[in-house]
Amino acid sequence: GCLRSWTPERDDHALIEIHVTAAAFGDRVTALATQETLVVQVGGESWIADEYFESPIRRLALSPDGLLLAAAGALRPVRLFDLSGRRALTELDRLFWPTALHFTPDGRLLVTQSAGHVRAWDACFWPCSIKIDLDCFDKSALAVIYGGRGVAVAADPNLVLLVDLVAAREIGAFSTTAPAVSIDASTDGRRLVTGLADGTCVVWR
């Protein structure tokens, strides 16, 4: 992807043009991953949080309070960063390379998804997680629902599964006319929007 920034006074060219592989934005935080570097800006100060050469970062997730940043790529583990302390906290699992990263609205859990596994990592006890095995696509179609108590995840064939993170089990499902390639939830987590592979978009209540 390409990130460009304009000023209101001049719309004829971009002031900044950066080729990025992932990005995350908060009220005071901007995180940009390029092919080899993760750059974080908090307030007016920037620093290089991570440098890598084996595999670029493909997913970034920022906690609601802007204090934690999660980063992952296809050939790298999930890495957690403490933005206030400008340091890496931990690597969650070297064998678990997620295609989706989402913090719950309260910031207590980080939800990851990859290769049929959904995990919810506790922010207070990072090595610990709830692991849920699902028959789902190895895609990034996942959304947090019910205020952080559950997730909706794309499943095979043509299903979206609803999962209770607290009980660690499926609580429902609905069929789609084509595979769901994107899922998003309303602010209260009670409505879902699915983007399907056939180009249609469906709102679920």
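**Pockets and strand pairing in a predicted all-chain model**

The model is a predicted one, in which local features need pLDDT of at least 70 and side-chain atom pairs count only at pLDDT 80 or more, while totals for chains, interfaces and linings use all residues. Residues are numbered from 1 along each chain as its sequence is written, and side-chain values use heavy atoms, with hydrogens and water left out.

A pocket is an open set of points, on a 1 Å grid over the protein atoms alone, where a 1.4 Å probe fits, with protein on both sides within 12 Å along at least five of seven lines; lining residues have an atom within 4 Å of a point. The lining of the second largest pocket comprises 14 residues, with D27, V29, L62, D65 and G66 nearest its centre. By class, this lining holds seven nonpolar, four polar and three charged residues (Asp, Glu, Lys and Arg count as charged; Ala, Val, Leu, Ile, Met, Phe, Trp, Tyr, Cys and Pro as nonpolar; the others, Gly among them, as polar).

G66 also belongs to the turn of a hairpin formed by β7 and β8, which has five residues between the strands, and G66 adopts a positive phi of about 75°. Strands β7 (residues 59-62) and β8 (residues 68-73) are antiparallel and share four bridges, pairing being assigned if DSSP finds at least two bridges. R59 has A72 of β8 as its bridge partner.

G26 lies in the loop between β3 (22-25) and β4 (29-33). This residue is partly exposed, its relative accessible area being 34% (buried means under 20%, exposed over 50%, partly exposed in between, with a 1.4 Å probe and protein chains only). The C-alpha atoms of G26 and P64 are 7.9 Å apart, although the two residues are 38 residues apart along the chain.

The largest pocket has a volume of about 290 Å³. Of its 17 lining residues, P105, V144, D184, A185 and S186 lie nearest the centre. β11 (100-103), β15 (142-145) and β19 (180-185) each contribute at least two lining residues, and β15 provides the largest share, four residues. The lining divides into nine nonpolar, six polar and two charged residues.

Overall, the protein contains 21 strands and zero helices (DSSP runs of E, at least two residues, and of H or I, at least four, respectively). Of its 205 residues, 43% are buried.

Definitions and conventions:
Grid points are joined across faces, edges and corners, and a volume is the space filled by probe spheres set on the points.
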